[in-house]
Amino acid sequence: VAKVIVTHYHADHIYGLQVFKDLGAEITAPAGFREYLESDAAPSRLEERRISLYPWVDEGTRLIPPDRVVGEDTTLSLGGLELQINYLGAAHSDGDLSVLVRPDRVLISGDIIFEGRVPFTGGANTRHWLEVLEGLNKTGLAALIPGHGPAARDPAGAVRLTLDYLRYTREKMAQAVDEMTPFAEAYEATDWSEFDALPAFGATHRRNAYGVYLSLEEEMLQE
């Protein structure tokens with residue numbers, strides 16, 4: 001392994017980088033990685049995961065900074081393949097990349113796409129995330145490899161599911177913020193039936209909606 005491209009710096013995507021680093025691989029990551037890697041949350045979460053995810057995460061798991069930082073679209077040629085690395089800015093995380101494998105027409109999307117399940121939004125910039133998805137060129141793709149879920153043979157459908165979920169959640173929470181409706185009241189009054197049968201809905205959705213509600217309040221204050 002000569003190079004590793006990290007689509008974004010979240011714990012579930014960077015634990016294990018030390019294996020490749022120790023083999024001499026070059027680690028590439030998006031601009032914005034420092035927001036997570038240099039935060040207090042990164043080492044404290046790792047300590048907790050060494051307990052809750054042991055033996056998969058243990059004392060040998062280290063937080064690895066990248067060797068190369070990408071802050072704009074670039075192309076990498078390696079082993080006869082051309083990889084188009086797209087810098088997406090702060091969408092799902094503080095800095096996201098996608099990678100298009102040109103000869104195979106396969107898009108590696110990172111966590112801007114969750115296939116067949118509810119995405120995790122956390123503290124994401126869902127306004128920019130939506131803009132990224134709406135501008136994504138899905139034509140000509142043979143397959144899409146998402147950040148979570150199986151490879152998608154219907155890339156447009158995979159994009160549409162995440163897009164529809166984000167768009168609907170923002171729309172309903174924006175209405176609540178605009179009308180100054182408390183979150184709990186707005187959440188209970190909203191019809192979530194379009195998504196409630198999806199995997200991870202019960203574990204993730206209410207927290208997602210609350211995060212979107214708070215971010216929309218912040219967006220309103222900035223206007």
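**Exercise 1.** In this predicted model, determine across which strands helix H6 lies and at what angle helix H6 runs to S7.

*Solution.* Step 1: Locate helix H6, which comprises residues 155-178. Step 4: Consider another helix on S7. Helix H5 (residues 126-134) lies across S5 and strand S7 (106-114), and its angle to S7 is about 155°.

**Exercise 2.** Describe the sheet: state the order of its strands and name its edge strands.

*Solution.* Step 1: Five strands form an open sheet, and their order is S4-S5-S6-S7-S8 with mixed pairing. Step 2: An edge strand pairs on one side only, which applies to strand S4 (74-78) and strand S8 (143-148). Step 3: From one strand to the next, the twist averages 25°.

**Exercise 3.** Describe how S4 is joined to strand S5.

*Solution.* Step 1: Strands of a sheet pair through backbone hydrogen bonds, either parallel or antiparallel. Step 2: S4 and strand S5 (residues 81-89) run antiparallel and are joined by five bridges. Step 3: As for individual residues, Ser77 stands opposite Glu82 in S5.

**Exercise 4.** Is Phe20 buried, partly exposed or exposed, and to which surface patch does Phe20 belong?

*Solution.* Step 1: Phe20 is found in helix H2 (residues 17-22). Step 2: The relative accessibility of Phe20 is 31%. Step 3: Buried means under 20% and exposed means over 50%; Phe20 therefore counts as partly exposed. Step 4: Together with Val1, Val19 and Leu23, Phe20 makes a nonpolar surface patch of about 390 Å².

Key
Residues numbered from 1 in each chain as written. Predicted model: local features only at pLDDT ≥ 70, side-chain atom pairs only at ≥ 80, totals over all residues. Heavy atoms only, no water. Patch = residues over 30% accessible without salt bridge, like charges linked within 9 Å, V, L, I, M, F, W, Y side chains within 5 Å. Areas by Shrake-Rupley, 256 points an atom, 1.4 Å probe, with all protein chains shown as cover. Salt bridge = Lys/Arg side-chain N within 4 Å of Asp/Glu carboxyl O. Helix = DSSP H or I, 4+ residues; strand = E, 2+ residues; numbered from the N terminus. Buried < 20%, exposed > 50% of the residue type's maximum accessible area, 1.4 Å probe, protein only. Pairing = 2+ DSSP bridges. Axes fitted to C-alpha atoms, helices over the stretch in contact; angles between N-to-C directions. Contact = heavy atoms within 4.5 Å.
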